Amino acid sequence: MIDARCLPAERVLEIAAPMLAEVGGEWTLADGPMLRCGSLGVRVLPPDTEDYRHLDLEVVLNVDRPDVPTVSDCSVGIAADPVEAAGQAVRAWIDTCLVTVLEMIEQKGELATHFRAADPGGFPGWHAIVGSVTGWSADGSASKQEWFAEAMPWSALAPVIARGLDRPYLNGVRLLVGQGADFTECEVRINGRRDKRASKALAGLDWPRTERFGLARTFVLLVGPD
C-alpha cells in the first residue's frame, strides 16, 4: 500500500521547478507529467518503496527521441513533512545526479568535475563526470563526505562497477554510504538499479565508521569510450 503522504508527481515537479531553474534554464510543466527545458526533460518514476520521502527521478536527454538513454537515480528526504522531504530529496538529486548531465551538455567545468580515464580519480575506459558529495550526520560531522571527496572510491571500485555497466556509451553510477554504530547501508546503483557486487565492495572500503549515524552520496556519469 502506498503511503497517503506520498506526493503526486505533479506536486513533486512543482517543487522541483524553481530548484532546477537555480541551476540553469527555464523549466516548464508539460504533459507526462514532465518538466521540460528545451529537449531535456525531468520526470518522477513510479515509486519502488512505500516510504513517502523516497523519490525516483529521471533525466530524459531528448524528450522527442525515446531511443536516447535516460539517466535516473533515487533520493530520500529526512523531514517528516512531505513537502519539505520532497524538497530535500530533489536538492540532493540535483546536486549529485542532474549536475553531471548538465555538465556533459555544457562542458564548462562549472557544475561537476571531469576525470579522464588516466587521471587520478579516473575510471578506466571512460570519461567520468562527478557531481557534488552530499550528506548529513546526527552529530554534524562531515567525515563521510570528506572521505568521498578525498578517496574518490569510484576509481578503486571501477573493476567491479565495470562488470555491471550495461550501456555502451552512457552509464550513471550512484554511490552511497550510510552508517552509525552497528547499522550500515552501502549502496551502488548502476543505471538506477542496485548492484550487489559493487555495493558489497563499497561496504568493505575504509570509509570512517562513527557511533552516530552519518550519510554521504555522490553520482558519477560515465561517458565513453575515453
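1. Two strands pair if DSSP finds at least two bridges between them. Keep that in mind while looking at this model, which is predicted. Strands E2 and E3 (residues 40-44) run antiparallel and are joined by three bridges, so they pass the cut-off of at least two. Within this pair, look for Cys37, which stands opposite Leu40 in E3.

2. Now zoom out to the whole sheet. Five strands make it up, in the order E1-E2-E3-E4-E5, with antiparallel pairing, and the sheet is open. Its edges are strand E1 (28-30) and E5, each of which pairs on one side only. From one strand to the next, the twist averages 25 degrees.

3. What lies across E1, E2, E3 and E4? That's helix H1 (residues 9-23), running at about 135 degrees to E3. Helix H2 packs on the sheet too, and touches E3, E4 and E5. The direction of H2 makes about 20 degrees with that of E4.

4. On to the charged side chains. Side chains of opposite charge can pair when their charged atoms come close. How many salt bridges does the structure hold? The count is 15. One of them is between Asp64 and Arg36, with the closest N and O atoms 3.9 Å apart. This pair links distant parts of the chain: Asp64 sits in the loop between strand E4 (54-60) and strand E5 (70-76), while Arg36 belongs to strand E2 (residues 34-37), and the two are 28 residues apart. Asp64 has a relative accessible area of 58%, so it is exposed. Arg36, with 27%, is partly exposed.

5. Next, have a look at Asp67 and Arg65. They form a salt bridge whose closest N and O atoms are 2.7 Å apart. Is Asp67 buried or exposed? Asp67 counts as exposed, because its relative accessibility is 56%.

6. Asp95 counts as partly exposed at 24% relative accessibility, and Arg91 counts as partly exposed at 28%.

7. Finally, there is a network to trace on screen. Salt bridges that share partners join Asp73, Arg174, Glu185, Glu187, Arg189, Arg194 and Arg217 into one network.

Notes
Residues are numbered from 1 along each chain as its sequence is written. This is a predicted model: local features need pLDDT of at least 70, side-chain atom pairs count only at pLDDT 80 or more; totals for chains, interfaces and linings use all residues. Side-chain values use heavy atoms; hydrogens and water are left out. A salt bridge is a side-chain nitrogen of Lys or Arg within 4 Å of a carboxyl oxygen of Asp or Glu. Helices (H or I, at least four residues) and strands (E, at least two) are DSSP runs, numbered from the N terminus. Buried means under 20% relative accessible area, exposed over 50%, partly exposed in between (1.4 Å probe, protein chains only). Axes are lines fitted to C-alpha atoms, for helices over the stretch in contact, and angles run from 0 to 180 degrees between N-to-C directions. Contact means heavy atoms within 4.5 Å.
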